[in-house]
Amino acid sequence: MYKIKQFVILAIIVLGIVGCTAKKPWSATGGSRSDGVIKLSYEEAMFERVQVDRLQEIELAKKRCSAWGYNNAEAFGGITKVCNEPSSSGCVSWLITKEYQCLGSLEK
């Protein structure tokens, strides 16, 4: 009976950790005006399930491109996941980055 209680408690703790979803906003973390490329990123911790706002992501990319004289932005190249906090038991935190291409230069 005691082992069953331990198992149930452990299962609840694991589900609590794994089941938590964190909402993360994208942030502009780099890019190149001359290449018309914007890099957006967020951090993801070990055992964290992240939910990102697709609309916020696109609007941020368009806003950054607009500041450089472009009128639109389009995602390309997929997502890059790089460990930014390694530990002896694996990676504790990752930096997730997505690139956008700025389109339609307003400058003539």
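Does glutamate 44 count as buried or as partly exposed, and what is its relative accessibility? In this predicted model, glutamate 44 counts as buried, at 14% relative accessibility. The cut-off explains the label, because buried means under 20% relative accessible area.

The structure contains five salt bridges. In general, side chains of opposite charge can pair when their charged atoms come close.

Whereas glutamate 44 is buried, lysine 81 counts as partly exposed, at 49% relative accessibility.

Another salt bridge is formed by the side chains of lysine 24 and glutamate 48, at 3.4 Å from N to O. Here too distant parts of the chain are linked: lysine 24 is in strand β1, while glutamate 48 is in the loop between β3 (37-45) and β4 (49-52), 24 residues apart. Lysine 24 is partly exposed, with a relative accessible area of 21%. Glutamate 48 also counts as partly exposed, at 23% relative accessibility.

**A salt bridge within a helix**

The side chains of glutamate 57 and arginine 54 meet in a salt bridge of 3.1 Å, N to O. Both residues lie in helix α2 (residues 54-67); because they are three residues apart there, about one helical turn separates them. Glutamate 57 counts as buried, at 2% relative accessibility, whereas arginine 54 counts as partly exposed, at 45%. These two residues also belong to a network of salt bridges that links Arg54, Glu57 and Lys98.

| Salt bridge | N to O distance |
|---|---|
| Lysine 24 and glutamate 48 | 3.4 Å |
| Glutamate 57 and arginine 54 | 3.1 Å |

**The surroundings of alanine 22**

Strand β1 (residues 21-24) includes alanine 22. Which residues does alanine 22 touch, not counting residues up to four places away in sequence? With those left out, alanine 22 touches Glu48, Arg49, Val50 and Gln51. The C-alpha atoms of alanine 22 and arginine 49 are separated by 6.1 Å, although the two residues are 27 residues apart along the chain. Glutamate 48, one of the residues touched by alanine 22, is also the salt-bridge partner of lysine 24.

Key. Residues numbered from 1 in each chain as written. Predicted model: local features only at pLDDT ≥ 70, side-chain atom pairs only at ≥ 80, totals over all residues. Heavy atoms only, no water. Helix = DSSP H or I, 4+ residues; strand = E, 2+ residues; numbered from the N terminus. Contact = heavy atoms within 4.5 Å. Salt bridge = Lys/Arg side-chain N within 4 Å of Asp/Glu carboxyl O. Buried < 20%, exposed > 50% of the residue type's maximum accessible area, 1.4 Å probe, protein only.
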